[in-house]
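Me: Could you take a close look at the sheet in this model and walk me through what packs around it? I would like one connected account, with the cut-offs spelled out.

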Amino acid sequence: METVSTLRIAIQKSGRLTEKTITLLENIGLKFDGYKNRLLVKALNFDVELLLIRDDDIPEYVQDGICDLGVVGANVTRENGADVTVLRDLDFGHCRLSLAVPKSSGITRVEDLAGKRIATSYPNLTRRYFKDRGLDVKPVKISGAVEITPRLDVADAICDLVSTGGTLKTNGLTELQPILHSQSQLVRTNRELPAHKKELIDKFLVRIEGQQLAENSRYIMMNAPKDALEKIVDIIPSLNSPTVLPLADTNMIAVHTVIPISKFWEVMEELKEAGAEGIVMLPIQNMIN
Ligand code: PRT
Ligand code: ZN
């Protein structure tokens with residue numbers, strides 16, 4: 001039997017994750033010549049192809065080995081229960097699966113939902129959440145516009161994805177409790193793969209790691225009096241030693257380093273106090289540690 005040797009990645013055909021997934025793949029060096037309205041797209045520079053399908057189908061395609069990798073929300077994979085391995089959180093498509101009730105219902109606790117009808121596209125996750133708490137509810141499976149079901153008296157509460165909370169608010173609903181925090185993930189089939197596919201996957205993982213590290217880091221440069229160097233080195237939360245360069249003014253030096261973006265403001269204020277001036281922050285395209 002002929003075996004397909006091209007590494008196949010399942011991605012969402014058209015939706016919230018599509019553009020960010022393509023951007024991620026391009027950022028790790030894959031090149032595509034257009035993907036809109038196509039089912040199968042071959043990369044121009046790697047032995048890789050994308051299968052563009054509905055996100056709900058991705059976990060099963062990867063489980064069954066039709067695709068080797070997939071990019072899909074944790075919410076979909078968890079609801080589906082597919083046998084796949086999560087290789088990496090991808091830090092986009094963040095949302096939460098939450099229980100919500102009509103404001104007018106007076107319900108304030110999860111326990112008050114016992115015996116109630118809960119409209120959701122996630123009946124498995126919903127049922128399990130209540131079962132784990134010893135409560136029985138009636139999930140009503142709805143595939144779209146879950147938020148209007150309480151008004152139609154189809155359900156007493158809903159369990160739906162929330163990101164900004166705007167949809168709940170518009171529909172007179174209050175968020176009661178998140179039951180799952182989700183983001184996009186790279187998932188891999190548990191089927192045995194040939195060595196060349198494994199190597200390619202490892203290579204992409206290193207690149208994704210570098211990409212994520214770069215996104216969460218900033219290159220900073222500053223000038224400072226020579227005698228402030230020790231203090232400055234103490235403040236910089238970097239694993240690597242900073243670069244120190246001489247300046248035309250021999251009493252001054254320039255210090256360059258990479259810091260986590262989360263520390264930028266805190267560090268900048270301390271550096272200023274230590275005598276640093278002209279602090280410049282630059283984004284980083286990519287990093288290999
Ligand atoms: O056609 P296909 O089946 O592929 O797409 P889909 O319509 O099922 O999915 P899509 O494109 O809407 O979402 C894809 C994935 O994006 C989801 O599976 C989540 O992992 C992720 N994601 C992140 C979200 C949201 N945020 C989100 N806010 N998916 C859906 N929503 C919806 C939610 O269902 C609700 O209707 O947005 C509304 C709430 O948003 P806020 O901002 O008003 O709270
Ligand atoms: Zn879907």
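**The sheet and its surroundings**

Reply: Happy to! Six strands make up an open sheet of mixed pairing, ordered E2-E3-E1-E4-E11-E5. Strands here are DSSP runs of type E with at least two residues, helices are H or I runs of at least four, and both are numbered from the N terminus; two strands pair if DSSP finds at least two bridges between them. Before going on, please note that this is a predicted model, where local features need pLDDT of at least 70 and side-chain atom pairs count only at pLDDT 80 or more, while totals for chains, interfaces and linings use all residues. Residues are numbered from 1 along each chain as its sequence is written, chains are lettered from A and ligands numbered from 1 in the order in which they are written, and side-chain values use heavy atoms, leaving out hydrogens and water.

At the edges sit strand E2 (40-42) and strand E5 (84-89), each pairing on one side only. On average, neighbouring strands of the sheet are turned by 30° against each other, direction ignored; axes are lines fitted to C-alpha atoms, for helices over the stretch in contact, and angles run from 0 to 180 degrees between N-to-C directions. E5 runs antiparallel to strand E11 (residues 184-189), and five bridges join them. One of the residues involved is Asp89, whose bridge partner in E11 is Gln185.

Now for the helices. H1 packs on the sheet and touches E1, E3 and E4, with its direction at about 150° to that of E1; contact means heavy atoms within 4.5 Å. H6 lies across E1, E3, E4, E5 and E11, at about 30° to E5.

Leaving aside neighbours within four places in sequence, Phe204 is in contact with Leu7, Ile28, Leu30, Phe46 and Val48.
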